[in-house]
Amino acid sequence: MIYIELFVSFLLIGFTSFGGMSMIPLINAEMLSHGWMTATEVSDIVAIAEMTPGPLGINCATFAGARVAGIPGALCASLGVLAPTLTLCMLAAVFLNKFKESRLLQNALYGIRPVCIGMIAAVIIQLSLTNYAGSLFGVSWQAILIGLASFAVLYFGKWSVSKTILLSAGLGLILGGL
């Protein structure tokens, strides 16, 4: 049955790849070996998956499954590629819950928290330097204005993220011309 074959094929891809671009050769091999697609069609699927928001692996699985067997095929392929991640996350949740009172786990989590905060701070600093660097005194006043406006409407105005993105895009178009 095609649905089981799709599920198993993408399950193997999910277990044997590391996500992202490493999945493409495996997807290509599976599609060609089963005769589900040509190399050109796989290339088209990958290009569409690259342009679509979301992880490349799940996008490829969804598009390939839909191409091979319609909506049920897309569902089977997507579940197959997600199964390894879901399995590992569920196992981690079970073990974390089982050992949540463990002193060793508490100490490990206590040490991990500052590392995570440091990593987030490093990303914020790096992105800020990239996005707010400009010509006037080394700072882009337009980017700072857009950032402050976005913060104000999100925090004080309780705007949705989509409205804030539209506002930021509009301000970028207006202020970018100045």
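**Briefing: cysteines, a bent helix and a pocket**

The sulfur of Cys116 lies 15 Å from the closest cysteine sulfur, that of Cys89, which is too far for a bond. The model is predicted: local features need pLDDT of at least 70 and side-chain atom pairs pLDDT 80 or more, while totals for chains, interfaces and linings use all residues. Residues are numbered from 1 along each chain as its sequence is written, and side-chain values use heavy atoms, without hydrogens and water.

**Cysteines**
- The structure holds zero disulfides (pairs of cysteine sulfur atoms within 2.5 Å).
- Cys60 is in no disulfide, and the nearest cysteine sulfur, in Cys76, is 17 Å away.
- Cys60 is buried, at 0% relative accessibility, whereas Cys116 is partly exposed at 37% (buried is under 20% relative accessible area, exposed over 50%, partly exposed in between, with a 1.4 Å probe and protein chains only).

**Helix H4**
- Helix H4 covers residues 56-98 and spans only 33 Å between its end C-alpha atoms, whereas a straight helix of 43 residues would span 63 Å at 1.5 Å a residue (the expected span is 1.5 Å times one less than the number of residues; helices are DSSP runs of H or I, at least four residues).
- At Ala69, H4 bends by about 145 degrees, and Pro72 follows within four residues (the bend is the angle between axes fitted to the seven residues ending there and the seven starting there).

**Largest pocket**
- Lining residues number 16, and Gly19, Met23, Val81, Leu82 and Thr85 lie nearest the pocket centre (on a 1 Å grid over the protein atoms alone, a pocket is an open set of points where a 1.4 Å probe fits, with protein on both sides within 12 Å along at least five of seven lines; lining residues have an atom within 4 Å of a point).
- H4 gives the most to the lining of the largest pocket, with eight residues.

Methods. Helix = DSSP H or I, 4+ residues; strand = E, 2+ residues; numbered from the N terminus.
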